[in-house]
Amino acid sequence: MPCPVAAMGGSYSGKLSAYLRLKYPAVVDMALAASAPIYLDSPNLNNVSQFAFYRIVTDAAAKLSPRCPAAVRQAFAALEMASTEEISRQLNLCEPLKDKLELKQRVMNQFADLAMVNYPPTTSQLKLYCDKLLEGDAGLPALARFLNDGYKYDSTKDSSTCYNVSSASAAGARGAVVCSDWSGCGG
């Protein structure tokens, strides 16, 4: 006697559950795709912006701290203008920075993570880190406060002394850039 089969998931796994139902409708009876970015793979991408999610993250930060988005933009502009050597020194990186894009993607993902757990909004981690960006000099010093006051991660070194971009990213060279985040790599 056959039994109903349901596929479910959220975000990337939700996307996969929807595709499973589409590909095997005779096997999968229903799918729940919560917060699944299925429209990004649509043949008509003109209707979906790949940056829509980050607009929501920016809006969430602006509601908590109106000057936060401008501080983030200043930090990104400073990243663009500085050499990788200067960035490595000012941000107290564990290893010399090889790729600015990897670091930018890592910071974007960290803000996205903060926005996804933004509750209660007035005391959330997103508000805390927006405040850190604004408490001193702008640009790279602000980004250094953001990274070194709570987002340090290094499984091989004492993380109280430096920030390791590659340890905090998905596996492989330019993993965060190629895969977007851990779930995009399937890891």
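This is a predicted model: local features need pLDDT of at least 70, side-chain atom pairs count only at pLDDT 80 or more; totals for chains, interfaces and linings use all residues.

Residues are numbered from 1 along each chain as its sequence is written, and side-chain values use heavy atoms, with hydrogens and water left out.

Let me begin with the layout. The protein has eight helices and two strands; these are DSSP runs numbered from the N terminus, helices being H or I of at least four residues and strands being E of at least two. Along the sequence, the elements follow the pattern β-α-β-α-α-α-α-α-α-α. Of the 187 residues, 37% are buried. Here, buried means under 20% relative accessible area, exposed means over 50%, and partly exposed lies in between, with a 1.4 Å probe and protein chains only. I shall also speak of contacts, meaning heavy atoms within 4.5 Å. Among contacts between residues at least 6 apart in sequence, 52% join residues at least 24 apart.

What builds the largest nonpolar core? It has 33 residues, of which Ile87, Leu91, Leu103, Phe111, Leu126 and Phe146 touch the most other members. Such a core is a set of buried Ala, Val, Leu, Ile, Met, Phe, Trp, Tyr and Cys residues joined through side-chain atoms within 4.5 Å. At least two residues of this core come from each of helix H2 (52-64), helix H3 (68-81), helix H5 (100-116), helix H6 (125-134) and helix H7 (140-148). Consider Leu126: beyond its neighbours within four places in sequence, Leu126 contacts Ala60, Ala61, Leu64, Phe111, Leu114, Ala115 and Asn118.

Which residues of H2 are buried? They are Val57, Ala60, Ala61 and Leu64. Viewed down the axis of H2, these buried residues fall within an arc of 95 degrees, so they line one face of the helix. The arc is taken over the directions from the helix axis to the C-beta atoms. H3, H5 and H6 are included in what covers the buried residues of H2.

Next, the aromatic side chains. The structure holds three aromatic pairs. Rings of Phe, Tyr and Trp (its six-membered ring) pair if their centres lie within 6.5 Å; planes under 30 degrees apart count as stacked, over 60 as edge-to-face and the rest as tilted. Phe53 is partly exposed at 39% relative accessible area, and Tyr54 is partly exposed at 22%. Tyr129 and Phe146 are also edge-to-face, because their ring centres lie 5.5 Å apart with planes at 85 degrees. This pair links distant parts of the chain, with Tyr129 in helix H6 and Phe146 in helix H7, 17 residues apart. Both Tyr129 and Phe146 are buried. Together with Phe111, they form one aromatic cluster.

Now the cysteines. A search of the whole structure finds one disulfide, defined as a pair of cysteine sulfur atoms within 2.5 Å. It joins Cys68 to Cys130, with an S to S distance of 2.2 Å. The link is left-handed, with -75 degrees about the S-S bond. Cys3, by contrast, is exposed at 58%.

I close with a lysine. Is Lys15 buried or exposed? Lys15, found in helix H1 (residues 12-23), counts as buried at 14% relative accessibility. Leaving aside neighbours within four places in sequence, Lys15 contacts Ala36, Pro37, Ile38 and Asp41.
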